[in-house]
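Hi,

Here is the structure I promised to pass on.

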Amino acid sequence: MHVIRLASEIDYIGWREAARGLRLGGVAPETVMWTVEGQDGLFEASPAAPPAPLAGRRGFSAPKVFMELAAKAILNRSDERFALLYRLLW
């Protein structure tokens, strides 16, 4: 299980960087737990360094329109928004 702790409820940049590292590392959405700094949780956050990319994997890109919508969706109050966005990116 990868636990990612973001700086705030609207930390789009933190989500984007973590999601990119996870995706490049081939980390499946169901193995990631997203939390926000200051929220009590049972799990410690993963180290700051993203997982290493899998051998033979190249970078990827997401459509600009997806990233623009993700920046807006981060503002939603749903606790599941980070996980949902990562599943969509995957």
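To get you started: in which helix do E68 and K64 both lie, and how many residues apart are they? They both sit in helix 2, 4 residues apart, or about one turn of the helix. (Helices are DSSP runs of H or I with at least four residues, strands are E runs of at least two, and both are numbered from the N terminus.)

Before the rest, some ground rules. This is a predicted model, with local features needing pLDDT of at least 70 and side-chain atom pairs counting only at pLDDT 80 or more, while totals for chains, interfaces and linings use all residues. Residues are numbered from 1 along each chain as its sequence is written, and side-chain values use heavy atoms, with hydrogens and water left out.

Back to that pair: E68 forms a salt bridge with K64, with the closest N and O atoms 4.0 Å apart. A salt bridge here is a side-chain nitrogen of Lys or Arg within 4 Å of a carboxyl oxygen of Asp or Glu. E68 is partly exposed at 41% relative accessibility, and K64 is exposed at 64%. (Buried is under 20% relative accessible area, exposed is over 50%, and partly exposed is in between, using a 1.4 Å probe and protein chains only.)

The structure holds 2 salt bridges. The other partners are E9 and R81, whose closest N and O atoms are 2.7 Å apart. E9 is in the loop between strand 1 and helix 1 and R81 is in helix 3, so this pair ties together parts 72 residues apart in sequence. R81 is buried, at 5%, whereas E9 is partly exposed, at 35%.

Next, the strands. Strand 1 and strand 2 run parallel and are joined by 5 bridges; strands pair if DSSP finds at least two bridges between them. One of the bridge partners is V32 in strand 2, which goes with H2.

Now the core. The largest nonpolar core has 20 residues, and among those touching the most other members are W15, W34 and F82. Such a core is a set of buried Ala, Val, Leu, Ile, Met, Phe, Trp, Tyr and Cys residues joined through side-chain atoms within 4.5 Å. F82 belongs to helix 3 and is buried, with a relative accessible area of 2%. The C-alpha atoms of F82 and W34 are 6.4 Å apart, although 48 residues separate them along the chain.

Cheers
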